[in-house]
Amino acid sequence: MEAVFSEIQGRHASQRFLRHGAVVDYPESPERLQRLLAGVNKAGLDLRQPASFDDAHLAAVHSRRYLDFLANGHAEWMKLPGAFPEIMPSARPVETPSDYPSNILGRAGWHIMDFAGAVSAETWGSVRMSAMSALTAADLVAGGADAAYALCRPPGHHAYGERSGGFCYLNNSAIAAQYLRRAHDRVAILDIDVHHGNGTQGIFYDRGDVLTVSIHADPATYYPFYYGYASQVGAGAGEGFNLNLPVPVRSDDRVWAQALEIARRCIADYRPGALVLALGLDAHEADPLAGGAVTTEGFAVMARMIAEIGLPTVLVQEGGYLSPVLGDNLAAFLTAFRRAR
Ligand SMILES: [Zn+2]
């Protein structure tokens, strides 16, 4: 199994995060890339640089005006008097109005969902390369590889078709799944990040050709709060093809494995041609976001269970924040996954 990433993905570095109303350091720091890379090396995967894909593959999941905002909005923002060097809106629409604003302040509120979606001068280059890593891994699997790992930092599963938030800008897992649809009639996405994959759910909510399954800490008490409930099952052609499996905050290995068993049965019933695994490691007991109590061995157990599904698999890195064992958790997961194939 090969791992894909570029150092360019480390350039995006937001300066601020709001935690309980206080301005604190941004948890999704570039240091994550180095710790995850240590995990890849420990697991013994070969590294490769992302290939270049046309932005049409991004536009298959995201709106063109959103991609333009991410690519060019910052230069316009910096013309504002006294602008802070990161785009952050001071106004947001309540629902999605019919009129799209031309002003950069209006566009900022349209496209940035929460206080963890700021856009700096380096953001586009990093998030675009992160998506290229996901596309490269998807292309390897579409071309016959059993599995490939995309070290996607910045992560992607909170990003909607035209909204950033939750440290996410381009939805790498969704982009990979959409790419795999060229080779398969049905593709499944399994998300084991401790946070619900709300952006992924939103992108595929009314589609039946991509099954979305997410195991996550209960949104009644944990981010993203409004999405991730079991009652959200998809709509229209997508009804019945979105499965949310919320578990209590701070759940342990046993509870996560039980939810994963339900997820496995749902995926098997769907009979997809390929699987995208949205691989968050932030359910770990030592993660600073404190949403789970999974152990390093617990991740190895889940890796074996997912490998045993037996589908060609694109593993896409999602969350997992700075703890002393972040790299060890990734190494344990990748090693167990490989041994079980
Ligand atoms: Zn997360």
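**Notebook: pockets, cavity and helix packing**

I looked up the largest pocket and found about 1100 Å³ of space in it. The model is a predicted one, in which local features need pLDDT of at least 70, side-chain atom pairs count only at pLDDT 80 or more, and totals for chains, interfaces and linings use all residues. Residues are numbered from 1 along each chain as its sequence is written, and side-chain values use heavy atoms, with hydrogens and water left out.

For the search I used a 1 Å grid over the protein atoms alone: a pocket is an open set of points with protein on both sides within 12 Å along at least five of seven lines, a cavity is a set where a 1.4 Å probe fits but cannot get out, and lining residues have an atom within 4 Å of a point. Grid points are joined across faces, edges and corners, and a volume is the space filled by probe spheres set on the points.

**Largest pocket**

I listed 36 lining residues; Phe17, Asp114, Tyr223, Pro224 and Phe225 lie nearest the centre of the pocket. Strand β2 (residues 17-19) gives the most to this lining, with 3 residues. Strands (E, at least two residues) and helices (H or I, at least four) are DSSP runs, numbered from the N terminus. By class I get 23 nonpolar, 8 polar and 5 charged residues in the pocket lining. Ala, Val, Leu, Ile, Met, Phe, Trp, Tyr, Cys and Pro count as nonpolar, Asp, Glu, Lys and Arg as charged, and the others, Gly among them, as polar.

**Largest cavity**

I searched the whole structure and found 1 cavity of 30 Å³ or more. The largest cavity holds about 60 Å³ of space. Its lining includes Ile189, Asp191, His196, Gly197 and Thr200. At least two lining residues come from each of β6 (187-191), α7 (198-204), β7 (210-217) and β8 (242-247). β7 has the largest share, 3 residues. The lining of this cavity divides into 2 nonpolar, 8 polar and 1 charged.

**Helices α3 and α4**

I then took up helix pairs, with axes as lines fitted to C-alpha atoms over the stretch in contact and angles running from 0 to 180 degrees between N-to-C directions. Helix α3 (residues 64-77) packs on helix α4 (residues 104-111) at about 135 degrees, with the axes 11 Å apart. That angle makes α3 oblique to α4; under 35 degrees counts as roughly parallel, over 145 as roughly antiparallel, 65 to 115 as roughly perpendicular and the rest as oblique. The crossing of α3 and α4 is left-handed, meaning that the near helix is turned anticlockwise from the far one by less than a right angle, with clockwise being right-handed. Contact means heavy atoms within 4.5 Å. Among the residues that meet are Tyr66, Phe69 and Trp77 in α3 and Ile104, Leu105 and Trp110 in α4. I count the α3 and α4 contact as 7 nonpolar, 2 polar and 4 charged residues.

**Helix α10 and its partners**

I noted that the axes of α9 (residues 296-307) and α10 come within 8 Å and cross at roughly 30 degrees. The two helices are therefore roughly parallel to each other. Their crossing is right-handed. The contact includes Phe299, Met302 and Ile306 of α9 and Phe333 and Phe337 of α10. By class it has 10 nonpolar, 2 polar and 2 charged residues.

Helix α1 (residues 31-43) also comes to α10 (residues 326-339), with axes within 7 Å and a crossing of roughly 35 degrees. α1 passes α10 in a right-handed crossing. Leu36 and Val40 in α1 are among the residues that meet α10, where Leu330 and Leu334 are included. The contact of α1 with α10 has 7 nonpolar, 3 polar and 4 charged residues.
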